[in-house]
Amino acid sequence: IDDDPGYSTTNVLQREIGSSYSKNLQRALNDCLQCPDPLKDAAETNRTPETSKATLESNESPTSKESNAFINCSEPPLVLDKDDVSTTQDALNENDVNELGFDGRKRNKNEKWEMYYGELVKFKNSNGHLQVPKEFKPKDATLGFLQSWVHRQKRNQKEGKLSCNHAEKLIKLGIELDNTKQASNENDLITEGRLNEENTREPYAMNLVNNLCSTSFDENGLPKQYVTIICGDSEMLYDFQIDIRESTIPNAGNGAFLTYLGARKLKKQAAIRSERLLKQHVIEGMAETEPLTAILPGGLGIGVTVTGQNLHRNDNNRYWSNKRSTALIQCIHNNTIPSDFDEDLVQCGIHQEVLKLRSEVEDGKRIGFLGIHSESDYVEANDVLFWSGPESMFEVGRYGPIRPEDRKTELHFSMKNFIHDFEPAEWSYDVDEKILGDCQLIDITDDATGEVHSEAKKHTPIYVNEIGHNTNLCANVRIMHKNDRSVYYYACIEKENAMKKGDCVELLVDYGKLYENVRERKGYGIANLYGNVGDDSDRGAKLQRNFAARQSIESEISKLSVVRLYYLAEFLMERIFPEINESIEDIFRHHVPSQLKSRFLVARRRLHWIGERLEQQLEKCFGSLQRVYFSSKFITSFQNIIHSFKWSSLPGVFSAIQDTASDIPNICAKDCILNEISEELLYKVSNIIPKPFDTKIWSQLGNLLIESVTKKIAIHMFCSSEMSIEERQAKLGRSVLDDAKRYSKLTTRCSTVLDGTATDGNFYDYFFDLLSFKSPQHKVNQKQFFYKRPNKKPRSIYDAKKIINFGTASALAEVQAYQDAVDVGFLEPHAIPGVLKNLIECEKSIVCKYPSSSPNSKIGRLPQFYWIARGAESIKKGTAIVNVEWYLMNQLLLVVHSLASNCVEWKASSQKMVPYSLERLCEVVGVEVNAAKTALSNGFILPECPEEVTIT
């Protein structure tokens with residue numbers, strides 16, 4: 001990297017492919033790049049060993065003034081919009097480039113397009129369809145993956161960059177294109193320019209004037225950009241400032257703000273001269289060398305640009321005088337190799353005039369498309385408004401990658417994202433390019449912490465907030481991908497939002513549907529706004545998302561071969577584990593737990609959990625592939641890595657932190673560990689105890705018991721080592737049974753208070769909340785629960801075939817109770833349609849007893865046998881009685897026994913007595929063993945009607 005002299009191509013390859021290949025990659029790299037061995041005789045290569053070594057190991061160009069060109073191999077993880085790794089070639093020409101493995105011909109963009117199109121036609125003729133596989137690549141070595149090219153054409157069509165001619169060809173071939181935007185000119189609308197009415201070229205994307213742009217940093221390290229762009233044949237300059245300060249969006253942190261500083265126009269004489277000369281020039285595609293890509297082992301791409309004095313002809317300027325351009329095109333039509341074209345033989349007065357004007361402006365300070373202006377040629381034009389549009393944006397900056405480490409496979413990223421509690425997902429993008437055949441993600445967070453790394457914080461795009469689903473906000477930044485692996489932000493100010501000098505606007509972007517999971521965790525996703533789904537502060541909602549992530553991780557690991565398993569373990573060991581583990585160990589080594597980051601405790605435990613899955617998969621692979629295929633040294637090395645992930649020091653750490661404050665709000669460091677282990681335990685029994693902490697299906701009493709039992713198991717079985725395993729289990733068994741006994745008594749106490757038979761009625765609301773289920777208060781679906789016209793009465797819920805949601809059942813029960821009273825003549829009927837038109841679920845419900853009039857043979861088949869949910873009013877009136885037995889079975893016994901029997905391998909004590917059993921649990925709770933076994937075999941009462949609607 002230009003800003004990191006320590007960067008080396010070999011190091012990148014080691015990190016991406018594996019350190020065991022470093023020597024072979026070094027040899028391959030030398031062969032590929034035609035780099036001389038620095039240890040060989042310098043005379044054989046016309047270079048000194050020092051120079052050769054420098055060009056291989058860093059990007060510093062040789063000090064020799066004779067070298068006027070170099071080839072630059074970039075792996076976009078870049079700190080600046082430059083290229084990464086350089087090697088020099090003296091007097092580089094077409095043949096030199098070809099020897100490096102690249103096609104040195106300067107191709108017209110249309111010529112390259114036709115080559116790709118021809119390959120697509122061949123593919124269709126051979127296969128009968130256009131479903132191009134991802135890995136399919138034409139035989140022509142100068143062409144990339146064909147599927148990526150097709151995707152690029154579709155994207156160009158959406159952005160208005162695809163010409164009518166090209167679009168028509170693709171449609172006739174059978175490619176479906178988005179017809180919302182289309183270039184209006186017959187010629188290609190390339191990103192560098194477009195035809196205007198005078199048949200000259202003007203910028204398509206607003207160009208940055210690099211020598212007038214700068215970035216500085218304030219006292220907090222936040223970037224401040226000064227940006228000048230040039231656009232239009234008038235060569236008007238527009239000046240902007242982009243600074244970082246608190247966002248106008250609540251709770252969004254910092255935001256990026258664009259301030260329009262005004263415009264500058266050319267002085268009269270300079271403008272007349274510029275207009276005259278520009279009309280005599282055209283942007284000639286032949287002057288642009290097609291971007292090159294070096295493909296490293298595993299498919300990792302590195303962008304390659306060729307630079308040097310007059311390397312692309314015409315002094316490397318895209319604007320060719322008409323006379324010189326005509327001569328060049330004629331040369332190409334005559335099949336003359338472009339490198340044989342001697343431009344200096346074309347006598348052109350316009351070109352000579354431009355050269356003279358350029359020479360009068362100091363190098364590095366030239367402005368304009370022809371490079372003939374300086375700042376002194378401009379005057380302020382403060383009355384000029386600024387707007388752009390979807391076809392004329394200007395670059396705000398590169399989002400990523402910033403460093404080589406920012407490019408990851410989807411597998412590696414998903415592991416890191418899970419370890420760091422899903423924070424990296426807020427800062428990632430997927431790109432089209434593959435790594436080792438896997439999807440690639442751009443991730444600008446630190447591997448050890450999951451937070452945005454320091455280099456990324458120097459770039460403006462990370463401070464651009466998104467609009468989410470807020471219809472009052474408007475996106476003015478667009479996300480663009482370059483080379484299928486680099487992400488850039490572009491500002492786009494619509495005409496209706498035109499800016500005058502001094503105007504300031506916050507830059508906002510729309511991340512689209514792919515960001516919805518992050519929005520849900522943060523609380524402003526569609527499911528949060530319209531589906532009553534909680535964010536990550538809602539423990540029940542967070543657990544469900546985390547369970548899905550754990551399931552996905554287990555699935556991914558179970559598919560890995562030994563080699564891919566090793567690469568994953570190596571990634572975790574080299575990139576994530578060391579700093580996390582060392583930070584924890586070092587803090588307790590020096591007895592300063594107050595400096596501990598609680599997120600490291602969570603990350604360390606998740607590394608332990610992943611390590612267990614890696615170990616299981618490794619044993620599975622060894623069992624099927626036989627160990628003889630792997631050296632004992634490899635097996636030992638692999639097992640040592642996995643063994644390192646085991647958190648054997650957890651009991652000591654847990655004992656040391658005690659009640660140390662956490663950097664996570666409203667929770668101490670000790671609880672961070674306990675909550676994490678509790679999540680592991682609940683994930684293990686998620687098929688038995690569904691949706692823990694979901695208040696729609698779990699009462700407060702049930703949730704309190706879940707938390708208590710899981711934490712007790714975590715403390716005694718994972719976070720303690722002072723006693724033997726038998727002693728800890730004995731203590732745990734007593735503690736769990738004590739919990740069951742206490743909550744059993746509490747359930748009975750709640751019932752007596754709510755039924756009016758207890759004296760402590762002052763605590764009525766408290767006891768009601770302990771047993772109640774909370775509903776999102778949706779409108780009751782009449783189609784499901786009401787008869788059709790003419791009477792439109794509610795159906796009987798007592799004999800429902802499916803378990804009805806508690807809130808819905810409570811609302812329907814109130815209506816049905818009224819109807820029953822009318823039927824027996826105690827009440828006057830009223831207009832039922834009016835009453836039921838907007839029937840809403842009861843906010844709080846309690847499961848009660850009810851007598852059924854159904855025959856006994858039918859009662860046994862009903863899912864809601866002898867129980868029904870009722871609302872608060874019915875409980876207060878005494879028309880409904882709490883079903884204590886139901887609560888003891890479904891909210892107490894099932895919880896305790898499922899956790900105790902599935903999460904602990906009980907061993908008999910010295911008295912040959914197992915500390916815990918179902919029989920002992922039934923004894924302390926006060927229920928019959930056979931009834932308990934029946935309840936356990938039936939499983940948890942999970943309401944499933946009406947089904948939850950997934951909102952997207």
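In helix α15, the residues R539, L543, N546, F547, R550, Q551 and E554 meet N675, E676, S678, E679, E680, L682 and Y683 of helix α20, where contact means heavy atoms within 4.5 Å. This is a predicted model, in which local features need pLDDT of at least 70 and side-chain atom pairs count only at pLDDT 80 or more, while totals for chains, interfaces and linings use all residues. Residues are numbered from 1 along each chain as its sequence is written, and side-chain values use heavy atoms, with hydrogens and water left out.

Helices (H or I, at least four residues) and strands (E, at least two) are DSSP runs numbered from the N terminus. Two packed helices are described by the angle between their axes and the distance between the axes. For α15 (residues 539-558) and α20 (residues 669-684), the axes come within 10 Å and cross at roughly 65°; axes are lines fitted to C-alpha atoms, for helices over the stretch in contact, and angles run from 0 to 180 degrees between N-to-C directions. The two helices α15 and α20 are therefore roughly perpendicular to each other, a class that covers 65 to 115 degrees, with angles under 35 degrees counted as roughly parallel, over 145 as roughly antiparallel and the rest as oblique.

Turning to the strands, β9 (residues 254-266) has 10 of its 13 residues buried, so it is largely enclosed by the rest of the structure. Buried means under 20% relative accessible area, exposed over 50%, and partly exposed in between (1.4 Å probe, protein chains only). Strand β15 (residues 394-400) is mostly covered, with 7 of its 7 residues buried. The pairings of these strands are listed below; two strands pair if DSSP finds at least two bridges between them.

| Strand pair | Sense | Bridges |
|---|---|---|
| β8 (residues 236-246) and β9 | antiparallel | 10 bridges |
| β9 and β22 (residues 504-506) | antiparallel | 3 bridges |
| β9 and β14 (residues 378-380) | antiparallel | 3 bridges |
| β15 and β21 (residues 486-491) | antiparallel | 5 bridges |

For G397, the bridge partner is Y489 in β21.

As for cysteines, the structure holds 0 disulfides, a disulfide being a pair of cysteine sulfur atoms within 2.5 Å. C348 counts as buried at 7% relative accessibility, and C922 counts as buried at 2%.
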